[in-house]
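Student: I'm new to this one. Can we go through some of the charged pairs and how they get their labels?

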Amino acid sequence: MVRRLNLRQVEAFKAVIEFGTVSRAAEMMNVSQPAMSKLIAHLEEDTGLRLFDRIKGRLVLTRRGMRLYEEIDRIFAGLRQVENAVDAIRRDEQSRLLIGVMPALSGPFIQQATTRFLASQPNVFCSVQSRSSQWIADGLVTRKLDVGLIIVPVDNPYIIAEPLLARPVVCALPLDHRLAGKDVITPKDLDGVPFISFEPESHTHRRVSQLLEGHGVVPNVVMSVNVAPTLCEFVAAGVGVSLVHPLIVGGLKDRVAIRPFEPALQLDFQLCRIRDSRNARLVDAFLSSAREAAAEISRTIVSPVRA
């Protein structure tokens, strides 16, 4: 009759295979060599399987023994993953920050804000996910995220939101564009000009389109994108111009021309966190870094342009 396996027997079997000999396996498991041989013999008896051939005093693994070892190794690998997960859970909430950022801010701004944060918080792991504002808001409520950067207003009692660098849009142009010689760009200047927009369902696209249409202007939209870095790359490459929040072009003054746009179209990004955050200390530190990064962009991008 086949009996239930004993974990000690399984450990002995695994050790003999991995350390090569019964004597070495016995040493690693801190048991005597006869005790180790007895564990192996009992395992074969309890399973009803011949796991080893005895050849000249040595144990040689059989085909069935190899199949059993492969299953045991897979199970032990799973146990190691559980051990790693337990260790991660112990360290998790004090050393991880989960950040959600809308595509429009997924370029230089989030890089600057997160780099500042990591410089002040060594040994912290950051996860940055670029998703829609609604996905980020949902992620905050379900605690899949610790902090979020979005553009649409949030009406949720569980989320605390604050404006982040409320500024009018600016016009981003290729450095050699004919409009780069102007001090201020107006809707009339953009009539028929190759234009790069965010995707039609985005908040920024809707606001910009409403303003231009209100002035009877129809830009020549040659491309739409869903993330800010892509938009900026195509502007820099000379494909077209765009109207964007200053945070989007932060750090790109050497690659694109940035000019004020009138009439002013205000876009307010929102810096969001969940109430009673599990990571309050890290969230506070990140929000501080985000505010500093936004203020730096305000000084280096916005102020000189308006001077």
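This is a predicted model: local features need pLDDT of at least 70, side-chain atom pairs count only at pLDDT 80 or more; totals for chains, interfaces and linings use all residues.

Student: What makes Glu18 and Lys14 a salt bridge?

Tutor: Their side chains come to 2.7 Å, N to O. The cut-off is within 4 Å, so the pair counts as a salt bridge.

Student: Why is Lys14 called buried?

Tutor: Lys14 has a relative accessible area of 10%. Glu18, at 39%, falls between 20% and 50%, so Glu18 is partly exposed.

Student: How do you know that Arg54 forms a salt bridge with Glu44?

Tutor: The closest N and O atoms of Arg54 and Glu44 are 2.9 Å apart, and that is within 4 Å, so they qualify. Arg54 lies in strand 1 (residues 52-55) and Glu44 in helix 3 (residues 33-47), so the pair ties together parts ten residues apart in sequence.

Student: Is Glu44 buried or exposed?

Tutor: Buried: Glu44 has 12% relative accessibility, and the limit is under 20%. Arg54, with 47%, is partly exposed.

Student: Which parts of the chain does the pair of Arg255 and Glu233 link?

Tutor: Those side chains meet in a salt bridge at 2.8 Å, N to O. Arg255 is in the loop between strand 10 (242-244) and strand 11 (256-260), while Glu233 is in helix 8 (residues 228-236), 22 residues apart.

Student: How many salt bridges does a search of the whole structure find?

Tutor: Eleven salt bridges.

Technical notes:
Residues are numbered from 1 along each chain as its sequence is written. Side-chain values use heavy atoms; hydrogens and water are left out. Buried means under 20% relative accessible area, exposed over 50%, partly exposed in between (1.4 Å probe, protein chains only). Helices (H or I, at least four residues) and strands (E, at least two) are DSSP runs, numbered from the N terminus.
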